[in-house]
Amino acid sequence: MPSRVDSTAEEVEAVHKDEQFDMRFPSYLGFWKRSVPGLDEHPRFDMYDEPHKKRKQQILNDHPEIEELYGYDTNTVWITMATVCVQMGLAYVFGRVLTDWHWTMVLVAYTVGGSFSTQIGIIFHEFTHNLCAATTLQNRWVGNFANIPLLVPLAQSFRRYHLEHHTYQGVYGYDPDLPLEWEIKLIGNDPVKKFVWLIIYGVMYIGRGLAQQKQLSRWELYNWAWSIACDVAIYKFCGLRGILYLVISVLLGFGLHPGAAHFIQEHYTFRDGQETYSYYGSGNYFWLNIGYHNEHHDFPLVPWTKLPEIKRLAPEYYDDLAYHTSWCAVLYMFVTSSLLAPQSRVVRTLDAHRYARKNLKVPSIEEAKQLESAKDEFVARLKLAADMSMEKARARSIAKAKQQ
């Protein structure tokens with residue numbers, strides 16, 4: 001990782017010494033330029049905190065009615081039950097009935113089973129934020145029930161690490177959504193390697209959590225016991241071939257599948273200064289509006305059914321952001337574009353995140369009007385400094401490559 005990831009608290013404070021307010025307002029887009037493979041070796045470094053908590057405060061200053069959308073939607077429980085029943089039904093059909101339909105099983109595992117497997121991942125996302133039912137306990141058991149067709153105990157671990165992702169978005173060493181350093185070096189910008197990396201992305205996602213080497217929590221242990229008991233029952237009723245159908249569904253669904261493209265869509269940097277992206281395509285109808293990712297990060301207490309309403313109520317905060325309309329295009333661009341690779345992320349230190357969060361305030365409506373005249377000059381100066389820092393880093397990289 002870049003040396004600036006080791007910046008001290010004093011260095012962070014020196015950068016922000018003239019600031020009282022977070023001058024990224026009102027959009028909270030950063031002043032950095034995205035990391036370019038071939039020119040840069042590492043993800044882009046940012047000296048500010050993640051943008052969404054302040055965006056939320058800024059938006060609520062103008063649209064307090066959005067808080068009325070907070071809550072949960074029990075329709076997700078019924079969707080969970082239907083999803084699990086369909087997957088288990090197909091596991092029985094291919095395990096006990098259509099036992100010689102090999103390629104048909106693989107095709108169904110990709111198109112149907114893969115789609116439902118990724119939907120289960122999105123249900124995990126909903127229960128993690130307590131958006132399925134009234135209590136945390138009820139939500140946890142929605143997650144455990146949804147976990148059944150995935151065979152591996154993932155629900156409670158996803159909850160744990162996803163909440164850390166929200167708290168420490170982009171913080172190196174703390175955000176489990178960031179690719180590991182060896183991933184960045186190994187995959188590089190090779191289209192074939194990027195293609196293979198996408199195929200095994202689900203496995204890599206689990207591996208990043210394991211890399212943190214944290215002791216299993218009580219609920220993760222419950223999840224293990226529950227999954228083992230369910231797996232034994234699945235083997236008894238569906239047989240080994242039924243389990244094989246479920247395994248193929250998971251591997252294909254969380255790999256090179258349109259329903260898994262949101263993993264790339266969400267935080268890989270397609271535009272300077274913007275680290276979170278939404279998707280406004282037809283896939284949202286089946287995959288529970290998971291594409292509304294800026295809206296979700298700004299307001300994680302809003303259930304999936306009401307995320308589009310956020311954009312409708314506060315269009316001035318979302319219409320100017322870059323967004324995607326095709327998940328297939330996201331996957332294609334990532335593999336074929338020389339401007340995109342696993343390094344295409346933005347990172348920050350814990351000190352930078354904490355200092356900017358604590359000391360750089362969100363201006364009120366009146367304060368924002370007073371700061372507007374000084375903002376352009378400040379932003380120009382900061383972007384110039386960021387450009388100079390980037391060019392120096394690239395020069396060091398070129399010199400290092402020549403020496404080798």
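Is W219 buried or exposed in terms of relative accessibility? At 12% relative accessibility, W219 counts as buried (buried is under 20% relative accessible area, exposed over 50%, partly exposed in between, with a 1.4 Å probe and protein chains only). The model is predicted, so local features need pLDDT of at least 70 and side-chain atom pairs count only at pLDDT 80 or more, while totals for chains, interfaces and linings use all residues. Residues are numbered from 1 along each chain as its sequence is written, and side-chain values use heavy atoms, with hydrogens and water left out.

A pair of aromatic rings is described by the distance of the centres and the angle of the planes. Rings of Phe, Tyr and Trp (its six-membered ring) pair if their centres lie within 6.5 Å; planes under 30 degrees apart count as stacked, over 60 as edge-to-face and the rest as tilted. The count by this rule is 23 aromatic pairs. The ring centres of W197 and Y268 are 6.3 Å apart and the planes stand at 80°, so this pair is edge-to-face. W197 sits in helix α8 (residues 191–199), and Y268 in the loop between α11 (262–267) and β2 (278–279), so the pair ties together parts 71 residues apart in sequence. Helices (H or I, at least four residues) and strands (E, at least two) are DSSP runs, numbered from the N terminus. W197 is buried, at a relative accessible area of 2%. Y268 is buried too, at 0% relative accessibility.

W219 and Y222 also form an edge-to-face pair, 5.2 Å centre to centre with 80° between the planes. The two residues are three apart in helix α10 (residues 218–253), a separation of about one helical turn. Y222 is partly exposed, at 38% relative accessibility.

R345 lies over the face of Y268, 4.8 Å from the ring centre. R55 lies over the face of Y318, at 5.1 Å.

Salt bridges number 17 (a side-chain nitrogen of Lys or Arg within 4 Å of a carboxyl oxygen of Asp or Glu). D46 bridges to R348, with the closest N and O atoms 3.0 Å apart. D46 lies in the loop between β1 (44–45) and α2 (52–62), and R348 in the loop between β4 (346–347) and α16 (350–359), 302 residues apart. Both D46 and R348 are buried.

K54 pairs with D49 at 3.3 Å between the closest N and O atoms. K54 is buried at 4% relative accessibility, and D49 is buried at 0%. In the bridge between R357 and E50, the closest N and O atoms are 2.8 Å apart. R357 belongs to helix α16 and E50 to the loop between β1 and α2, so the pair ties together parts 307 residues apart in sequence. R357 is partly exposed, at 25% relative accessible area, whereas E50 is buried, at 4%. Salt bridges with shared partners join D22, R24, D49, E50, K54 and R357 into one network.

How values were computed: A charge sits over a ring if NZ of Lys or CZ of Arg is within 6 Å of the ring centre and within 35 degrees of the ring normal.
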